[in-house]
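User: I am new to this structure and would like to understand the terms used to describe it. Could we go through them one at a time?

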Amino acid sequence: MSHDRPDGDELRRRLDRLAAGAPGSHERRDQTLSRAHRRARLGMTTVGAGLVAVSLVATLAVGAIRDLHRERPIGPAPTGTVDHEPGGSDDTMIRARGDIGVWGTGPAGRGPNLSIVAADGRGGPDRTAVGSFPTDRLSWSPDGTSVIVARRVNDAESTLEIMNARTGASTTMRPSGAPQTPDWSVTGRIVFATENGSLLTMPSGGGPTTTVRPGLHGSWPTWSPDGDQIAFITPTGHLAVVGARGSAPPQRIPGPAHPGSLDWSESGIAVSARPGAEAALFLVDPSTGGSRPLATDLPGNETSPTMSPDGRFVAFLNDGVDGAGGGLYVVAIDRGRPLLVDDGDRSDAALAWKPVS
Amino acid sequence: MIAAVGDHVAGGASADRLGVLYEAHAADALRLAWMLTGDRTVAQDLVQDAFVKMAGRLAHLRHREAFGAYLRVTVVNLARMRGRRLKVEREYLARHQADLREPHRDPDVAATETLRQALDRLPFRQRAAIVLRFFEDLPDDVTAQVLGCRRTTVRSLIHRGLGTLREDLGEWVG
């Protein structure tokens, strides 16, 4: 295939020569085909299961709708209830209530955007018309009407976008320093990291930025539930907490090694960390520094934790094994097994549990 | 280069189809993954994951003859997500520094190595845009579809990428 581009002929030639150094053949033919065949069979099984599901849904629709009405409270309520495993098992399953915002892969022809997934797993994702670009983190306004995300403009610039989750109406803020991974506090302030690792806050309605503490660097800044403190990951890969006004030095929190992302609720700080080969979830008590793994018994990496408003549940992503089993899960922090609430392709998604309004 | 639309496999039993698709596309996908990452092991991983992903979607492809084009998009997306995720998890630097410098067969080792190092320094989207245009030889509108952006953005990425390469490598870049 050739195109009318007189420039770049030498670059083309040298890239071809560079490509001659690429691996000559894929060394994992048998392993790849074995996984691919399993994945293809799973896909066909899914299609078959979908057809069965259609008939089941038709049969059970009335009962399911009745259940939804009975189990979904209106207004603020605890975000969990004890439920029984489908199929009559005696195992208890803790089903969460509420909605989880998922900023991820969009429909064909569009960039990643916002969809809403029911935390109880009953109902598919409700896709909104909000967004069409990738982002690393999603955060809700305290009233649950809007979200804030960072949007990359080019390799040196980014903006903060506050978007109405229903209409998509957006407000763009352009603090300097290429803002990223913003988090919205109950007090109405936004905290974000800059490209060079500084931590800044600003009012959600716009206004001047404030450096949390001069010389302080970190990533993934996260508000405490009361908006008085900020947890973050230090440049050396540790958890730390600093007062929102930065008047005192940050306190390092003993916790899992190599944290990657976190969320903070009344129950503690949920952390995705990679102490070994795979990323796993931990719950850290910021007052004592104690931490414990959130045992999900799932293979694969567990990332992007977001906690329910009452802190009783954690939603997270799992990338599965061999292309199967991945998706969005919800697990109670104290007991029960994780519930797969959406098995879509979530490999690039950002999650945030919607506040109860 | 990954085969263009309609090049391979218009039919065949499903049991054999994956094998045929693999033979037809794996080598080209591997070269693209390697050009995007510069890392032999990662490229092998990306191609395996991309192929498995595509296998899961095979039954749902609207245009099965376009498998190669879909695979290309999947490879680029996985390479991009790898970069983003590693950056978020603050592992990128460690991995990047650990990149294996593969011995290559080019007689002009110094020039080739210099080009590879210059590509390594480019942000991912600039690198991808350069590779897709000058190595995969894709027109801007197809590159825009692969990268999920507008044609003007592709041109901007290429312009900036070429500018950086020119600073590193000289005016021959074009």
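User: What makes Pro112(A) buried or exposed?

Analyst: This is a predicted model, in which local features need pLDDT of at least 70, side-chain atom pairs count only at pLDDT 80 or more, and totals for chains, interfaces and linings use all residues. Residues are numbered from 1 along each chain as its sequence is written, chains are lettered from A and ligands numbered from 1 in the order in which they are written, and side-chain values use heavy atoms, with hydrogens and water left out. The word buried means under 20% relative accessible area, exposed means over 50%, and partly exposed lies in between, with a 1.4 Å probe and protein chains only. Pro112(A) has a relative accessible area of 14%, so Pro112(A) is called buried.

User: Where does Pro112(A) sit along chain A?

Analyst: Pro112(A) belongs to the loop between strand 3 and strand 4 (113-118) of chain A, where strands (E, at least two residues) and helices (H or I, at least four) are DSSP runs numbered from the N terminus.

User: Why are strand 5 and strand 26 of chain A said to stand at the edges?

Analyst: Two strands pair if DSSP finds at least two bridges between them. The open sheet here has four strands in the order 5-4-3-26 (chain A), with antiparallel pairing. Strand 5 (126-127) and strand 26 (350-353) of chain A each have a single partner strand, so one side of each is left without a neighbour in the sheet.

User: How many bridges join strand 3 of chain A to strand 26 of chain A?

Analyst: Strand 3 (residues 99-104) of chain A runs antiparallel to strand 26 of chain A, and four bridges join them; within this sheet Gly101(A) stands opposite Ala352(A) of strand 26 of chain A.

User: What makes strand 20 of chain A largely enclosed by the rest of the structure?

Analyst: Strand 20 (residues 280-284) of chain A has four buried residues out of five, so it is described as largely enclosed. This strand belongs to another open sheet of four strands, with the order 18-19-20-21 (chain A) and antiparallel pairing. Strand 18 (259-265) and strand 21 (291-293) of chain A are its edge strands, each pairing on one side only, and the twist averages 25° from one strand to the next.

User: How do you know which strands pair with strand 20 of chain A?

Analyst: Strand 19 of chain A pairs with strand 20 of chain A in the antiparallel sense over five bridges, and Ala273(A) has Ala280(A) as its bridge partner in strand 20 of chain A. Three bridges join strand 20 of chain A to strand 21 of chain A, again antiparallel, with Pro293(A) in strand 21 of chain A as the bridge partner of Phe282(A). A hairpin of six residues joins strand 19 of chain A to strand 20 of chain A, while in the hairpin of strand 20 and strand 21 of chain A, with six residues between the strands, Gly289(A) takes a positive phi near 85°.

User: What makes strand 12 of chain A mostly covered?

Analyst: Four of the five residues of strand 12 (residues 199-203) of chain A are buried. Strand 12 of chain A pairs with strand 11 (residues 189-193) of chain A in the antiparallel sense over five bridges, and two bridges join strand 12 of chain A to strand 13 (residues 210-211) of chain A, which run antiparallel.

User: Why is helix 6 of chain B called roughly perpendicular to helix 8 of chain B?

Analyst: The axes of helix 6 (residues 124-134) of chain B and helix 8 (residues 151-169) of chain B come within 8 Å and cross at roughly 95°. Angles under 35 degrees count as roughly parallel, over 145 as roughly antiparallel, 65 to 115 as roughly perpendicular and the rest as oblique, so helix 6 of chain B is roughly perpendicular to helix 8 of chain B. Contact, meaning heavy atoms within 4.5 Å, is made by residues including Ile130(B) of helix 6 of chain B and Leu162(B) of helix 8 of chain B.

Note on methods
Axes are lines fitted to C-alpha atoms, for helices over the stretch in contact, and angles run from 0 to 180 degrees between N-to-C directions.
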